[in-house]
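Let's take a walk through this structure together. Have a look at the model first, and then we'll begin with the ligand.

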Amino acid sequence: MICERVAEELKERFREARAVVVLTGAGISAESGVPTFRGGGGATVWRGMPVEKIATPEMWRADPVTFWQWYAYRREVIERAEPNAAHRAIAAWERQFERLTVITQNVDGLHQRAGSRKILELHGSLWRVRCLQCGLNMEDRRVPLPEIPPRCPSCGGILRPDVVLFGEVVPETVFSRAVAATAECELFLVVGTSAVVYPAAVLPVLAKQHRAFVIEVNPETTPVTGIADVTILGRAGEILPHFSPEGHGGG
Ligand code: OAD
């Protein structure tokens with residue numbers, strides 16, 4: 001799928017890199033059965049509504065039942081999903097590189113379940129909830145939820161998932177850590193993201209500006225393709241396992 005010469009170069013880059021960043025998006029979980037937001041020419045619609053309309057603070061306030069039905073559905077799909085070969089390959093790279101940072105836009109927790117430990121969740125986690133009324137923030141893995149919308153065990157307020165909703169800003173603390181890891185890495189992989197949502201989409205550009213070698217893995221081209229040193233058109237679960245000490249370098 002990629003020529004011998006490029007495969008050799010990638011093998012070399014992997015052998016020599018000490019600081020590595022992997023930026024992931026919904027596509028890395030596609031082979032686990034978690035639907036992506038975009039790709040294949042379409043955008044996600046649920047019960048006739050675009051998710052950009054449902055997953056918003058306005059919807060949470062105006063219609064918390066519909067809002068939470070969407071999140072309850074996602075929690076059910078994701079709870080049944082298992083990490084795939086791509087999540088597992090990335091987790092194994094923690095033993096291979098001096099510093100490996102996973103920066104994910106996903107809220108599904110599949111990197112953690114595969115064994116990755118250093119993960120920056122730019123868009124939060126579906127498995128945490130918070131209460132805007134009393135400030136409680138806690139893990140919540142209940143599937144199915146006992147009531148919709150779920151209520152705060154402390155004050156009875158309506159909970160919200162601890163995720164970044166459409167129209168909200170990625171928390172400064174997590175993003176500045178992502179920027180720092182990006183600025184100091186030698187190898188930057190971009191896996192399964194359409195790279196159209198900011199601020200995550202700025203990270204491959206930043207990596208390039210700091211002279212990292214940028215590798216993209218995606219079955220489709222994206223805005224990153226134009227700046228990547230190498231784009232491998234393929235599925236993450238099939239490509240990433242090749243990039244391991246016992247793999248054969250992406251060929
Ligand atoms: P998208 O759904 O926008 O893009 C998914 C990408 O994965 C597409 O480019 C697909 O071509 C690619 N893809 C599909 N199957 C793949 C596979 N098996 N292996 C590798 N790649 C594959 O997902 P994101 O870029 O993550 O934000 O979307 C970014 C953000 O947009 C999400 O975090 C979410 C959404 O709005 C919020 O909810 C705030």
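Start with the ligand, which sits in the largest pocket. Keep in mind as you look around that this is a predicted model. Around the ligand you'll find 21 residues, and the closest of them are Phe 37, Arg 38, Thr 193, Ser 194 and Asn 218. Sorted by class, that shell is made up of eight nonpolar, nine polar and four charged residues. Two parts of the chain contribute to it: domain 1 (1-34 + 83-123 + 169-251) and domain 2 (35-80 + 128-163) each supply at least three residues.

Asn 218 places a polar side-chain atom 2.7 Å from an oxygen atom of the ligand. On its own, the ligand has 790 Å² of accessible area, and the protein covers 93% of that.

Next, let's turn to some backbone details. Most peptide bonds are trans, and most residues other than glycine have a negative phi. Follow the loop between β7 (137-139) and β8 (159-163), and you'll come to Pro 144.

One last stop is Arg 47, in the loop between β2 (45-46) and β3 (49-50). Arg 47 isn't a glycine, yet its phi is positive, at about 50 degrees.

Note on methods:
Residues are numbered from 1 along each chain as its sequence is written. This is a predicted model: local features need pLDDT of at least 70, side-chain atom pairs count only at pLDDT 80 or more; totals for chains, interfaces and linings use all residues. Side-chain values use heavy atoms; hydrogens and water are left out. A residue is near a molecule or strand if one of its heavy atoms lies within 4 Å of it. A polar contact is a pair of N or O atoms within 3.5 Å; within protein, one must be able to donate a hydrogen and the other to accept it, and residues adjacent in sequence count only if both atoms are side-chain atoms. Accessible areas come from the Shrake-Rupley method with a 1.4 Å probe; for residues, only the protein chains shown count as cover. On a 1 Å grid over the protein atoms alone, a cavity is a set of points where a 1.4 Å probe fits but cannot get out, and a pocket is an open set with protein on both sides within 12 Å along at least five of seven lines; lining residues have an atom within 4 Å of a point. A molecule sits in a cavity or pocket if more than half of its atoms lie within 2 Å of its grid points. Ala, Val, Leu, Ile, Met, Phe, Trp, Tyr, Cys and Pro count as nonpolar, Asp, Glu, Lys and Arg as charged, and the others, Gly among them, as polar. Domain bounds come from an automatic or database domain assignment. Helices (H or I, at least four residues) and strands (E, at least two) are DSSP runs, numbered from the N terminus.
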